[in-house]
Every structure is written in structure tokens, then in C-alpha cells.
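Trainee: Please take a close look at the salt bridges in this model, and at the helix packing beside them.

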Amino acid sequence: MAEPKTKYDRQLRIWGEQGQEALEKASICLLNCGPTGSETLKNLVLGGIGSITVIDGSKVELGDLGNNFMVDESSIGQSKAKCVCASLQELNDAVKAKFIEEYPEALIETNPSFFSQFTLVIATQLVEDSMIKLDRICREANVMLIFARSYGLTGFVRISLKEHAVIESKPDHFLDDLRLNNPWPELRGFAETIDLNVSDPVVHKHTPYVVILVKMAEQWTKSHDGKLPSTREEKKEFKDLLKSKMIAMDEDNYKEAIEASFKVFAPRGISSNLQQIIDDSRADVDSSSSNFWVMVASLKEFIANEGGGEAPLEGSIPDMTSSTEHYVNLQKIYQAKAEADFLVIEQRVRNILKKIGRDPDSISKANIKSFSKNARKLTVCRYRLLEEEFNSPIQPELQKYLTDEDYSVAVGFYILLRAVDRFAANYNSFPGQFDGGMDEDISRLKTTAVSLLSDLGCNGSTLTEDLINEMCRFGAAELHAVAAFIGGIASQEVIKLITKQFVPMSGTFIFNGIDHKSQLLSL
């Protein structure tokens with residue numbers, strides 16, 4: 001086996017060794033290995049997923065050669081699951097690959113407990129009825145589930161699980177945790193030792209902006225009843241005050257201070273998102289609570305007590321213009337505070353574990369450390385059961401999408417993807433799947449879509465003729481280009497779910513290949 005360190009070098013930079021380890025422990029089940037399923041698994045096999053089980057009851061036909069790279073002419077007439085499995089295995093010999101020659105629908109009906117052995121199930125190209133049943137099975141067994149489907153120039157991806165908690169959410173844009181608006185005693189004390197009105201121009205130019213802002217904010221609050229700048233005028237005034245402290249035009253540290261002054265104006269305390277998480281009923285823990293919620297419970301206590309309304313400090317500082325000595329001292333002050341906060345959180349976690357009758361060491365130090373460092377960025381995702389969404393979508397949202405020009409095609413495809421399954425249940429084939437009778441299929445699909453809309457409480461809503469015609473023209477074909485795209489999206493979400501890093505998408509992802517647009521519908 002190749003050294004994984006070098007083999008997966010590029011992705012280790014994204015999700016680190018813990019992320020890679022989670023992937024290598026995961027076992028994935030794929031239902032149907034047409035192009036959408038094959039493309040999804042290909043990305044995961046190349047990424048070093050632990051094991052895969054491919055389930056498909058069909059044989060390879062001539063038509064499969066045109067849209068699936070995992071089969072070739074020699075495969076015709078053979079088990080599709082077997083051929084695809086062998087091709088995937090060739091991409092990475094470290095992955096354990098096996099196949100079962102059976103139709104997924106049959107397994108869902110006759111052997112629901114089969115699915116509980118997997119970390120995650122990727123269900124591709126299933127019709128509505130089977131999706132709903134599988135969703136219930138996986139929820140019961142606490143198995144993560146992703147649906148993916150390509151249909152002509154459209155397709156969708158939908159995640160389904162009760163709850164997914166992310167500690168390392170890695171948001172693109174996030175405010176540094178510098179506490180300029182609420183400095184702790186050591187930071188304030190350090191700032192007090194530095195004179196902003198120093199006459200030496202070199203020293204003046206190398207005072208870090210963190211110190212400048214802490215001192216100037218303090219000076220401001222003294223003359224403003226203890227309040228920080230809040231109105232537009234006050235913010236401008238504060239920036240002008242900073243400007244007036246410059247003694248030369250090329251003082252980058254003062255320019256940085258002016259640019260970063262919004263960090264002083266930011267509200268103190270925690271975000272509404274974090275507030276929601278600590279107020280969640282799951283934060284009242286008992287012996288059956290997950291490690292995540294035990295740590296949230298300790299965070300809640302910390303914020304109310306030692307934190308004084310703030311989350312634990314993250315502890316890193318950005319680059320800034322500064323003398324080396326000042327920068328290193330500042331770094332030490334931030335790291336020491338983060339470490340002290342972490343130790344309090346750790347102690348609280350151990351106490352809570354003891355209180356709920358669990359081994360106080362059952363959550364590792366590394367986990368608590370990561371939690372403490374990322375406390376401000378915690379994210380909890382919950383997904384509605386597919387059946388609930390299908391039977392009672394969120395009415396105002398659906399109405400909004402149907403009337404919003406920006407969303408009309410995406411929601412049109414969403415409705416039609418469900419309508420074609422109703423159509424198939426009634427007529428034993430998908431609209432436009434067989435030659436002839438196209439006009440009849442178009443009018444039948446239209447009737448089906450209208451009745452589906454009225455079942456969803458959207459009487460009088462219609463879809464454009466063009467879209468209905470297109471849907472019939474697709475004839476339920478899986479186009480390789482669309483399948484590869486949908487497979488790419490699905491595999492990316494699988495990695496987020498398994499590594500528990502980055503935030504997986506909420507709602508239903510709809511790809512609109514006509515306008516090259518991707519949209520999320522929250523129903």
C-alpha cells in the first residue's frame with residue numbers, strides 16, 4: 001500500500017489527518033451504479049474511502065457504454081454491479097470493494113436491516129416511493145443518507161439525517177476573535193504598558209494595531225458613558241481620531257487599525273447562531289447525549305460563568321505590522337487566554353460526564369480542544385424526513401419559489417421530478433421514454449403535475465409548457481455530463497458528512513442544466 005501521507009497529500013491539506021482517518025474508516029453503500037452512482041463513487045474511491053458496496057440488479061446493455069466510463073464492450077450482458085465494482089477497485093487498491101447483484105428496491109422492501117451496517121448510503125436514481133421507504137429505514141438505523149438523481153438536463157441531491165453537528169465548520173469569512181471590544185485583563189494590561197504618543201517614529205510605526213484599537217476604544221468609552229461607537233457618525237469620528245494619531249503618511253499599522261476598526265464596533269458576546277445552539281433542548285444532557293451536546297452543555301456553563309458572556313477565545317492572531325517583540329508578546333497573551341479557557345471547558349466537560357454517569361475521560365482532550373477553539377463556529381444541521389417534505393412542504397416557501405422568476409425553473413424541475421415518478425407509477429414508463437406518443441405523454445405529464453401541485457396546496461399554480469415539453473424530451477435519460485456534475489456534488493457532501501468538516505448543504509439541491517444554474521430549495 002502506498003504511503004497514505006504522500007498518496008493523499010493534497011487533500012490532507014484540506015481536511016487534515018483526522019478527516020482522512022474518518023474517510024478510511026467509513027463504509028459506503030451505493031444503490032444503482034449507473035453514471036450518477038459510478039461518478040459519485042469514483043470521487044470517493046480516489047479520495048481513499050474505507051469500503052464500498054455496490055448494489056445493482058441490472059446487466060450491462062449497449063446503451064450503458066455511451067454514458068458510463070466504468071463499463072466497456074466486454075462487459076455487455078454481465079452484471080453491472082460487478083463490472084463497475086471491478087473498474088472502481090482499479091482506481092485505488094487500498095479500498096475494499098464488493099458488489100451485490102440485486103435490485104435496490106427489492107432490498108428496501110425485503111431486507112431493511114441490511115442498511116444498518118453502513119456509515120452512509122448513497123441512493124441514486126430511485127423513484128419517490130423507494131426513497132421515502134429508505135429514508136425511514138436509515139433514520140431508524142442512524143445511517144447517513146444522500147439521494148442523488150440525474151434526469152436529462154436536470155438532477156437533484158438531497159441529504160437526509162436527523163442531526164449533523166459540525167465543530168470544524170471552516171467558514172470562508174469569519175471575524176477574527178480578537179476581543180478588541182471586550183479585552184480581558186492581561187490584554188488590557190499589556191496595552192497599558194505601551195505609549196501611543198512615543199516620539200521615536202520607528203517605534204510609533206511598529207505598534208501593533210490590536211494595541212492601538214484596545215487603547216483608543218478604552219479612551220473613547222471613558223468619554224462616552226462606557227459605550228463603544230455605534231452610530232454612523234460615531235464610527236466616522238472614531239476613525240478620524242485614529243487618523244489624528246498618525247505622525248507620518250506611511251504608517252501601515254494605523255492604516256490597519258482604521259481598516260480593522262469595525263472589529264471594535266462589533267457587538268460583544270456571542271452570535272445569535274451560537275445562542276440558538278446553547279438554548280437548544282438537546283443542551284440539557286443525560287446519559288444518552290452525544291459527545292457534541294455534552295460539550296455544548298459545558299460551553300453554556302462557561303459562557304454564563306467564566307466567559308462573562310463570551311465563548312472561549314480562539315487564540316490565534318492575524319498578521320500585522322508590528323515589532324517582533326510586540327507581536328510575539330501579543331501572540332503569547334492570546335495563546336495563554338485560549339489555553340486557560342480550554343482548561344475550564346475541559347474541567348466542565350469532565351464534571352458533566354461524571355454527573356450523567358459516564359466515564360469522565362470518555363471525550364478525548366484533542367476533541368475538547370478542537371471544540372473550544374471552534375466554539376464560535378459550531379453548526380447544527382437538521383433535515384426533514386423526505387416524506388414530510390413531500391407530503392407537506394413549507395407552504396410560504398413553495399409559493400415564493402413558484403412566483404419568483406429566479407427560482408421558477410428550479411422549482412419547476414423539483415415538481416416535475418416528482419411528477420414523472422407519479423406518471424411512471426400510473427403508466428409503467430417515464431414520459432417520453434419510448435418512441436411515439438410524445439404528444440400524449442406531454443398532456444399526461446401536464447395533468448399529473450397540475451394534480452401534484454393541487455395536492456401540495458398550490459391550486460392554480462402552473463408550470464410552463466416549455467418545461468413540461470423538455471421533461472418529456474429527456475425521456476428519463478442519464479446524460480454523462482449531468483451525471484458527472486451531480487456525482488461531484490454528491491461526493492463532496494459525502495466527504496463533509498463523514499469528516500464532520502465544512503457545513504453540508506441544507507434543503508434540496510436542484511441542477512438546472514438548461515440555464516447552467518444550481519439552486520437550493522428549502523422545503
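**Salt bridges and a helix crossing**

A search of the whole structure finds 40 salt bridges, a salt bridge being a side-chain nitrogen of Lys or Arg within 4 Å of a carboxyl oxygen of Asp or Glu. The model is predicted, so local features need pLDDT of at least 70 and side-chain atom pairs count only at pLDDT 80 or more, while totals for chains, interfaces and linings use all residues. Residues are numbered from 1 along each chain as its sequence is written, and side-chain values use heavy atoms, with hydrogens and water left out.

In general, side chains of opposite charge can pair when their charged atoms come close. Helices (H or I, at least four residues) and strands (E, at least two) are DSSP runs, numbered from the N terminus. Both Asp 421 and Arg 149 are buried; buried means under 20% relative accessible area, exposed over 50%, and partly exposed in between (1.4 Å probe, protein chains only).

Two further pairs sit within single helices. Glu 346 and Arg 350 form a salt bridge with their closest N and O atoms 2.9 Å apart. They are four residues apart in helix α15, about one helical turn, and both are buried. Salt bridges that share partners also join Asp 177, Arg 179, Glu 310, Glu 314, Arg 376 and Lys 377 into one network. In helix α6 (residues 128-141), Asp 129 and Lys 133 are likewise four residues apart, about one turn, and their closest N and O atoms are 3.3 Å apart. Asp 129 is partly exposed at 49% relative accessible area, and Lys 133 is partly exposed at 28%.

The axes of α19 (residues 408-427) and α20 (residues 438-455) come within 9 Å and cross at roughly 115 degrees; axes are lines fitted to C-alpha atoms, for helices over the stretch in contact, and angles run from 0 to 180 degrees between N-to-C directions. That makes α19 roughly perpendicular to α20, a term for angles of 65 to 115 degrees. Residues in the contact (heavy atoms within 4.5 Å) include Ile 415, Leu 416 and Phe 423 of α19 and Leu 445, Leu 452 and Leu 453 of α20.

Key:
Parallel < 35°, antiparallel > 145°, perpendicular 65-115°, else oblique.
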